[in-house]
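The sequence and the structure come before the text.

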Amino acid sequence: MGVVAGTSTRRRITVTGVVQGVGFRPFVYGLATDLGLTGFVGNDADGVFIEVEGDADAVDVFVDRLVEEAPPSSRIERLETTLVDVVGHRSFEIVPSRTASTGTALVSPDLTVCDECLAELEDPADRRFGYPFINCTDCGPRFTITLRTPYDRPDTTMAPFVMCPECAAEYDDPGDRRFHAQPNACPRCGPQVWLDSSAGRFPAADGIDAARTLVRAGAVVAVKGLGGFHLACDARSDAAVETLRERKGRVDKPFAVMAADLPTARSIVFIGPTEEHLLISRERPIVLLRKRPGADLSDAVAPGNGYLGVMLPYTPLHRLLLEPGDVWVMTSGNRSQEPIAYRNDEARDRLADLADAFVMHDRDIHVPVDDSVVRVLDGVELPIRRSRGYAPYPIPLPVEAPPLLATGGELKATFCLAAGRHGFMSQHIGDMENLETLHAFTRAVEHMEALFRIEPTLLATDLHPGYLSGRWADRVADGRPVVRVQHHHAHVASVMAEHGITDPVIGFSFDGTGYGTDGTIWGGEVLISDLAHADRVAHLRPVPLAGGDRTVRRPYRMALTHLWAAGIPWKPGIAPVDACPTEERRVLRTQLERNINTVPTSSMGRLFDAVSSLAGICHEATYEAQAAIELEALVDATETGVYRFGYDGTTIDAGPVLRALLGDLDDGVPVGVVAARFHRAVAEMIGDVAGRLHDETGLGTVGLSGGVFQNTILATMARQRLERDGFTVLTHRLVPPNDGGLALGQAVIAATRVR
Ligand code: ZN
Ligand code: ZN
Ligand code: FE
């Protein structure tokens with residue numbers, strides 16, 4: 001029975017994905033009225049439901065255009081349509097949201113202020129001229145203000161603000177850009193900004209001007225942003241940056257900066273096409289960019305680092321604060337080791353000794369979210385921290401998951417709440433080493449479980465008996481099974497999951513530390529891995545880690561350890577020998593020889609530490625991976641020489657590399673050349689090991705994961721070598737290679753094992 005033109009039909013359509021809070025309903029309304037169709041549209045717990053009625057051809061066109069012309073911030077995951085009986089609707093309406101006890105509506109990440117709103121912000125004739133909370137259905141806060149789903153104004157922290165007649169008219173007008181924009185507001189009815197300083201309280205524009213003046217005068221100002229407080233200061237002023245470092249208790253760890261605009265950013269860093277695209281993307285992450293030598297920037301911002309984390313303003317407030325030419329340090333408002341401050345009272349309390357003044361506002365942040373950090377690897381985005389702008393958009397899973405919660409690792413903690421084909425990765429929580437972070441973790445889990453209506457029947461966590469995230473899982477399990485996943489297997493599974501790979505791969509899982517199945521510390525692991533199991537087929541030869549954390553913080557101890565393990569004498573003139581106090585050297589030797597308080601470690605991260613110290617670059621680390629980062633920064637990109645690891649089919653021996661490297665240093669070969677040859681040695685070793693494993697197993701896909709692969713010089717060299725040999729190479733593009741991506745791997749492994 002064909003459809004005769006002019007015949008009326010009615011279709012019920014459900015759309016799932018990111019379709020709430022992104023202007024989807026007004027778009028549907030506009031489309032339906034444009035095509036002369038009647039019916040309704042609304043939000044429910046799954047997404048958007050639509051019924052349209054009218055000319056059959058027009059209904060077909062409607063469905064096509066629904067997909068093709070969907071709003072830019074929306075992401076349609078699934079669209080289902082069924083024919084239903086014609087009921088004779090007279091008009092098209094937007095109907096109230098339906099709540100339901102099941103269903104998983106996706107919550108939009110927070111959206112960078114759009115161009116149309118910016119134009120109004122800067123237009124003196126507009127009623128929102130200079131109003132720092134301007135937004136529309138295309139932009140503004142989302143995840144950070146959402147109390148519960150479906151996403152409607154009463155379910156956000158905008159609930160206390162009653163819209164003025166003008167705002168309400170926009171909100172109710174389906175033809176308006178602000179139709180059902182939940183955070184819609186104006187200076188008359190919406191949130192207000194002010195500055196609290198020692199000179200008193202300054203409202204609105206006066207406060208913004210005063211804050212800018214303070215920063216330019218060298219002060220540290222706390223700024224309440226989208227997902228929490230930043231501490232801001234002038235990045236061009238040594239004194240201001242040093243003051244901030246002192247107060248924060250942060251010695252060398254790089255600060256990120258916010259540059260007022262792209263030309264200002266370009267004056268301090270080199271920006272390639274992919275990097276520019278990321279800087280101005282809707283997600284507006286911090287992008288790690290190569291510093292421009294001689295730029296007008298304090299050396300104290302990112303000492304010893306070849307890269308600088310740069311972001312552009314992403315809220316109207318930031319746009320108003322920074323004027324062209326301004327470059328501000330913008331670092332999370334916290335003391336080192338603590339989660340970001342996000343409530344006004346809490347910030348006043350916790351940041352009192354850190355900030356000279358506070359840019360405050362009265363729109364509450366419900367979900368604290370840190371800035372995301374990315375860099376570019378071979379022309380593709382490589383996440384370093386996946387948070388604001390990305391969370392809580394789900395990662396598609398390669399396997400069907402029962403409702404489960406994977407609690408991640410210890411450093412850079414995130415968790416993954418999974419169900420079906422969705423893996424909801426949390427925002428960055430922080431290092432799980434104290435009670436505050438554990439509380440933040442618990443709160444974030446509870447919020448996401450409620451938001452997505454997922455009640456985990458299963459938990460997954462790291463094998464390490466000492467991780468707080470693992471003990472937390474045991475404590476809340478309440479009879480639910482807890483699946484323990486080996487750390488490096490989880491890394492490999494995370495990069496497999498991203499690429500939708502379920503067949504076995506050769507996985508190189510290189511990082512600083514992870515608990516091995518034999519109770520020793522792993523980190524230079526080659527695993528034949530699928531999503532259920534992993535075989536450790538090769539690894540870096542273990543060396544004794546003496547005194548645990550002390551050696552991690554002092555790379556010279558690691559260098560001495562590697563020399564000792566390779567049978568190379570500690571002669572004066574070798575940088576770490578000179579760097580280590582005589583008494584400490586004596587004790588270390590005794591510890592190594594008698595095996596006192598040591599744990600074997602096959603860590604690749606620690607080998608990078610050792611080499612960094614041997615090359616005289618970094619002997620003491622004040623933040624994680626500092627020695628490796630400074631080593632990478634010095635690599636001479638023109639150098640093509642290489643050292644060779646030993647490899648007997650299972651054990652990878654760094655001894656020959658260290659001997660050749662010391663020989664080079666003795667001969668006066670420049671440090672940049674030595675650093676380059678070491679990086680290439682690791683890449684060539686990866687190629688050699690993969691080649692042998694391919695011969696043995698026939699496998700042709702290689703996964704590269706673990707924190708060491710944040711090093712893009714190494715990752716690029718390894719990829720080039722592997723691709724030359726015909727391998728398919730998997731690197732990260734959705735979750736970080738570091739422990740921030742661990743939970744995804746745990747989730748897919750647990751889901752696979754219980755099937
Ligand atoms: Zn907008
Ligand atoms: Zn208003
Ligand atoms: Fe790791």
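Predicted model: local features only at pLDDT ≥ 70, side-chain atom pairs only at ≥ 80, totals over all residues.

Arg 212, at 8%, is buried.

A salt bridge also joins the side chains of Asp 196 and Arg 201, at 3.0 Å from N to O. Asp 196 has a relative accessible area of 17%; this is under 20%, so Asp 196 counts as buried. Arg 201 reaches 54%, which is over 50%, and therefore counts as exposed.

Arg 606 and Asp 609 make a further salt bridge between their side chains, with an N to O distance of 2.8 Å. Both of these residues lie in helix α18 (residues 604–614); because they are three residues apart there, about one helical turn separates them. Arg 606 and Asp 609 are both buried.

| Salt bridge | Distance, N to O |
|---|---|
| Asp 196 and Arg 201 | 3.0 Å |
| Arg 606 and Asp 609 | 2.8 Å |

Which residues are linked in a network of salt bridges? Arg 127, Arg 128, Glu 166, Glu 170 and Arg 188 are linked in this way. The count of salt bridges comes to 49.

Val 748 is part of helix α23 (residues 742–753). With a relative accessible area of 1%, Val 748 is buried. Which residues are in contact with Val 748, once its neighbours within four places in sequence are left aside? They are Leu 397, Pro 398, Val 399, Ala 493, Ala 497 and Leu 531. Ala 418 is 330 residues away from Val 748 in sequence, yet the C-alpha atoms of the two are 8.7 Å apart in space.

Asp 535 is found in strand β23 (residues 534–540). If neighbours within four places in sequence are again left aside, Asp 535 is in contact with Val 526, Leu 527 and Ile 528. Between Asp 535 and Ile 506 there are 29 residues of separation in sequence and 9.8 Å in space, taken from C-alpha to C-alpha.

## Backbone geometry

Most residues other than glycine have a negative phi, and most peptide bonds are trans. The residues below are treated against that background.

The peptide bond that joins Ala 391 and Pro 392 is cis, with omega of about 5°. Pro 392 lies in the loop between β16 (380–385) and β17 (395–406).

His 180 has a positive phi, near 55°. Its place is in the loop between α4 (165–172) and β6 (193–197). For Asp 478, phi is also positive, near 50°. Asp 478 lies in the loop between α12 (468–476) and β20 (482–485). Is Asp 478 buried or exposed? Its relative accessible area is 74%, so Asp 478 is exposed.

## The chain as a whole

How many helices and strands does the protein chain have? There are 23 helices and 29 strands. The C-alpha atoms fill a box of roughly 90 × 70 × 50 Å along the principal axes. For 755 residues, a compact globule would have a radius of gyration near 27 Å, and the chain has 28 Å, so the two values agree.

Of the 755 residues, 61% are buried. Among contacts between residues at least 6 apart in sequence, 71% join residues at least 24 apart. The accessible surface comes to about 27,700 Å², and carbon and sulfur atoms account for 50% of that area.

The chain carries 74 positive and 100 negative charges.

Key:
Residues numbered from 1 in each chain as written. Chains lettered and ligands numbered in written order. Heavy atoms only, no water. Helix = DSSP H or I, 4+ residues; strand = E, 2+ residues; numbered from the N terminus. Rg over C-alpha atoms; globule rule 2.2 N^0.38 Å. Buried < 20%, exposed > 50% of the residue type's maximum accessible area, 1.4 Å probe, protein only. Contact = heavy atoms within 4.5 Å. Areas by Shrake-Rupley, 256 points an atom, 1.4 Å probe, with all protein chains shown as cover. Lys, Arg positive; Asp, Glu negative; His and termini not counted. Charge placed at Lys NZ, Arg CZ, Asp CG, Glu CD. Salt bridge = Lys/Arg side-chain N within 4 Å of Asp/Glu carboxyl O.
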